[in-house]
Amino acid sequence: MKKGLNRYEYFLEQLELLLQKSSAEENPAWWLYKNNARTPLFMLEALSRIYVEILEKKPFKKFKAQFKSFEDAIGRIDMYDGFANEFSQKPAIYDHVKEYFYKKTEAHVDNLNEMLLQEGWLNADGKRIKKIRKKLNKIDWLNDKKEIKAIHFFYETAIEEIKSFFDKHKNGFTDLEDQLHEIRRLLRWLSINAHALRGAVQLIDSGFNNSLTLNYITDAVEKSPYNKLPEVEDNRYVVLLDKTVFLTMSGLIDQLGTFKDNGLRVMLLAEAIQQSRQVNSNLALLGAYELLESDGDELQKVLNNATSACKPFFEDELLDKLLQGIGTATDN
């Protein structure tokens, strides 16, 4: 079996098993959310992001859209459920605001259940997965060496895109979703891709050292299972990434995730106040600041902190040190 097909199959089997188990549940969407169906979906989306660039556009573009739609639906449940649980523990948060988050969670669960049926994910014969497998088996996959070269070029292109994106916003982020969240998302895909490629990407100690890394590489980052890539296994050629830069990037991703959540906390609380009390957006935002005991400038602080976290990473051009070339299985 070709490497690309094998990678898809590895994660399709995981997703297929979860779908089969969820179909026996009263609430399949909630079960999938609670049983981490997002992980194989992330990996399948990552593979589709890669192969849409290095192979045929049409089938992988469709795969990417399907997996992303599924993963996004679970992500929305996760977001509202997470804040519903957090706010339920805060006596200062009004009951009608808490109720808003419970109802939004339920609505997104209902939406996912409907999508699962409409798009054929829960068919008894596994219709959706079968269709995907059928198309994958028709792909003219690259041989190992050509594929690794293409993946290496994919990483080069992705890194340049990230650098260019930050350069446009280096004077300070002004938007939570389109800027802060987007830079985190772009960086995070570099890591997710490495996991999805099942051993075709390996970390090496190139000897690179930078004092800035101490600001990013915490004990939690070093011990995180997300920073341990799959073994080489039967990959003859591999893309090599610098371990220190990879861990530094992971630390930055974690920091940006904290800032993003702090911003979302304010924005979603304001959304809940606006919808439940029928007030304008400015009053709702002031109400959110009051409930969070903030001085009223929390969103700008979040954006400023995110910019400050990114600046040294990009100014020291650490991403330029990430990609260390192509090697063989014995080079890592």
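Guide: Gladly! Leaving aside neighbours within four places in sequence, His152 is in contact with Val239, Leu323, Gly325 and Ile326, where contact means heavy atoms within 4.5 Å. This is a predicted model, in which local features need pLDDT of at least 70 and side-chain atom pairs count only at pLDDT 80 or more, while totals for chains, interfaces and linings use all residues. Residues are numbered from 1 along each chain as its sequence is written, and side-chain values use heavy atoms, with hydrogens and water left out.

Visitor: What makes His152 count as buried?

Guide: Buried means under 20% relative accessible area, exposed means over 50%, and partly exposed is in between, using a 1.4 Å probe and protein chains only. His152 has 14% relative accessibility, so it counts as buried. His152 sits in helix H7; helices are DSSP runs of H or I with at least four residues, strands are runs of E with at least two, and both are numbered from the N terminus.

Visitor: Why is H7 called roughly antiparallel to H8?

Guide: The axes of H7 (residues 144–168) and H8 (residues 176–196) cross at roughly 165° and come within 10 Å. That angle makes H7 roughly antiparallel to H8. Angles under 35 degrees count as roughly parallel, over 145 as roughly antiparallel, 65 to 115 as roughly perpendicular and the rest as oblique. The axes are lines fitted to C-alpha atoms, for helices over the stretch in contact, with angles from 0 to 180 degrees between N-to-C directions.

Visitor: Which hand does the crossing of H7 and H8 have?

Guide: The crossing of H7 and H8 is left-handed; that word is used if the near helix is turned anticlockwise from the far one by less than a right angle, and right-handed if clockwise. Among the residues that meet there are Phe154 and Phe165 in H7, and Leu186 and Leu190 in H8. The contact of H7 with H8 has twelve nonpolar, two polar and three charged residues. Here Ala, Val, Leu, Ile, Met, Phe, Trp, Tyr, Cys and Pro count as nonpolar, Asp, Glu, Lys and Arg as charged, and the others, Gly among them, as polar.

Visitor: How do you know that Lys163 and Asp320 meet in a salt bridge?

Guide: A salt bridge needs a side-chain nitrogen of Lys or Arg within 4 Å of a carboxyl oxygen of Asp or Glu. For Lys163 and Asp320, the N to O value is 2.6 Å. Lys163 lies in H7 and Asp320 in H13 (residues 319–322), so the pair ties together parts that are 157 residues apart in sequence. Lys163 is partly exposed at 26%, and Asp320 is partly exposed at 36%.

Visitor: What are the classes of Asp261 and Lys260?

Guide: Asp261 and Lys260 form a salt bridge, with their closest N and O atoms 3.9 Å apart. Asp261 is partly exposed because its relative accessible area is 32%, whereas Lys260 counts as buried at 15%.

Visitor: Why is H3 called roughly antiparallel to H4?

Guide: H3 (residues 38–54) and H4 (residues 57–88) have axes that cross at roughly 150° and come within 8 Å. That crossing makes H3 roughly antiparallel to H4. Their contact has ten nonpolar, two polar and ten charged residues.
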